Amino acid sequence: MSKPEKIVAIKGMNDILPQDAPLWELFENTTETILKSYGYQKIVTPIVEQTALFSRAIGAVTDIVEKEMYSFEDSMNGDQLTLRPEGTASVVRAVLEHNLVYDGPRRLWYKGPMFRHERPQRGRYRQFFQFGAEAIGFSGPDIDAEMIMMSRRLWDDLGLQNVRLELNSIGNAEERNRHRADLIAYLEKHEDILDAEAKRRLHSNPLRILDTKNPAMQEMVNAAPRLLDYLGEESLAHFNGVKALLDKNAVQYTVNPRLVRGLDYYNRTVFEWVTDELGAQGTICAGGRYDPLIETFGGKPTPAVGFAMGMERIIELMKGLGEPAEPNVCDVYMVHQGEEAQLQSFILAERIRDAGLDVVLHCATPTGAGSFKSQMKKADGSGAAFAVIIGQDEIANNAAQVKTMRGEVGEQQQAAVPFEEVVDYLVDQIVGSHDHGHDHDHVHYHP
Ligand code: HAM
């Protein structure tokens, strides 16, 4: 038989391997704890939605909708579907569909994979994970500032330094329209400097031209009319309110008048947390206010604000800080030889787990169950604190050998412990010796 063709992962879509899992878990646990402490509730929406949801929410003339969406026709029924490129549109759909804000505002969070057909590079992938927060039904500058401070707390808790906050206000549609007219007139005067991308956007999305990375256009865009100068009284008051709260809470930021964001639903406050440690893809968290969005889906006017973090980028920053302190190892590795011993090991392993400890039971591989010696090597490599050993002699004596694998846990190196006492013995040794981090208590439910 010829060797079967190798199937590999899709370009720009990554596996998260076990060696990186502790960092991901640490990030997810820390984030969820903080979100909960600010009153956010979890929401999970499907990965696939109707294409129209995203094109309407994000905007037809945006990079995402124009060229990055994984859209397809469901061959079973002809539906036009898209793998979600972001989470806000889906959350808004769900909030409307389930009438979640009928009795007041909501703070919601989500996490999961998003899909954009971008050119893959460091920090930019075609499947990437976002952690997002959306506060729906809040209108004041207080929630904008609270969200920003919540993200700052996360950087603090994770030990991330060298992240800075960029802040801007893009006003409302009317203010942007007045600015837009002047901006187009200005850009037309400098048409000779505009690159092809800018020319294409001149009339469809001129604001995005201000975001250009093209060095030849920098001087020209620097001198372009600033949207900030077109803000009316209310927008200015809102922006000043956000800034005042940040100032009072010692949150440092720079106002970047050219920060406009790549999605069309925003108004007023927009912000990005940026680092220089990740090369070109340095934005680890981005968001802003999107007051008009819910109305575009037929809902009552409902102001809202949110952000999303790029998880891969944050994990990359965390990697620079070292290994997580809590190693991912089990408490007990069970070694056995012979049929009866295997049976006894199974029973004992379950009882030890009932007591809240982690147990890895040695299981057969294609080369067999393995000698005692090779099983002990596995036990050592597992990082377990104890090996529980059962062979013919132990079955005959009704007692297991319990071997200390890690010095600090107990002085005793090896002891014969009657089967019925093994659980208590291990719990005494492990839980008694130091503050044991596991929490295997049953989940409690209120009826
Ligand atoms: P976004 O700026 O498109 O906003 O994405 C938010 C974050 O997701 C980025 O700052 C970045 O960290 C990460 N990200 C985006 N694209 C990629 C990619 N191709 N590879 C890796 N990471 C990526 C939104 O998605 C909005 N929904 C945020 C929001 C929520 N605004 C209001 N509520």
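A residue counts as buried under 20% relative accessible area, as exposed over 50%, and as partly exposed in between. Val-48 has a relative accessible area of 33%, so Val-48 is partly exposed. This value, like the others below, comes from a predicted model. Val-48 belongs to strand 2, which covers residues 48–50.

Glu-49 in strand 2 pairs with Arg-93, and their closest N and O atoms are 2.7 Å apart. Arg-93 lies in helix 4 (residues 88–97), and the pair links distant parts of the chain, 44 residues apart. Glu-49 has a relative accessible area of 7%, under the 20% limit, and is therefore buried.

Side chains of opposite charge can pair when their charged atoms come close. Across the whole structure, a search finds 23 salt bridges. One of them joins Glu-32 to Lys-111, with 2.8 Å between the closest N and O atoms. Because Glu-32 sits in helix 1 (residues 21–37) and Lys-111 in strand 5 (residues 106–115), this pair ties together parts that are 79 residues apart in sequence. Both partners are partly exposed: Glu-32 has a relative accessibility of 23%, and Lys-111 has a relative accessible area of 30%.

A further salt bridge connects Arg-268 and Glu-234, whose closest N and O atoms are 3.7 Å apart. Arg-268 is in strand 9 (residues 267–275) and Glu-234 in helix 9 (residues 233–248), so here too the pair links distant parts of the chain, 34 residues apart.

Arg-106 has a relative accessible area of 22% and so is partly exposed. From Arg-106 to Ser-151 the separation is 45 residues in sequence, and the C-alpha atoms are 18 Å apart in space.

The ligand is the next subject. It is surrounded by 24 residues, and the closest are Glu-86, Glu-118, Glu-134, Tyr-266 and Thr-283. By type, the shell around the ligand divides into ten nonpolar, seven polar and seven charged residues. Strand 6 (127–136), strand 10 (283–289) and strand 11 (304–310) each contribute at least two residues to this shell.

In the side chain of Glu-86, an N or O atom is 2.5 Å from a nitrogen atom of the ligand. The side chain of Thr-88 likewise has an N or O atom 2.8 Å from a ligand nitrogen atom. With Phe-307 the backbone is involved: one of its N or O atoms lies 3.4 Å from a nitrogen atom of the ligand. On its own the ligand has 650 Å² of accessible area, and the protein covers 96% of this.

Methods:
Residues numbered from 1 in each chain as written. Predicted model: local features only at pLDDT ≥ 70, side-chain atom pairs only at ≥ 80, totals over all residues. Heavy atoms only, no water. Helix = DSSP H or I, 4+ residues; strand = E, 2+ residues; numbered from the N terminus. Buried < 20%, exposed > 50% of the residue type's maximum accessible area, 1.4 Å probe, protein only. Near = heavy atom within 4 Å. Polar contact = N/O pair within 3.5 Å; in protein donor to acceptor, adjacent residues only side chain to side chain. Areas by Shrake-Rupley, 256 points an atom, 1.4 Å probe, with all protein chains shown as cover. Nonpolar A, V, L, I, M, F, W, Y, C, P; charged D, E, K, R; others polar. Salt bridge = Lys/Arg side-chain N within 4 Å of Asp/Glu carboxyl O.
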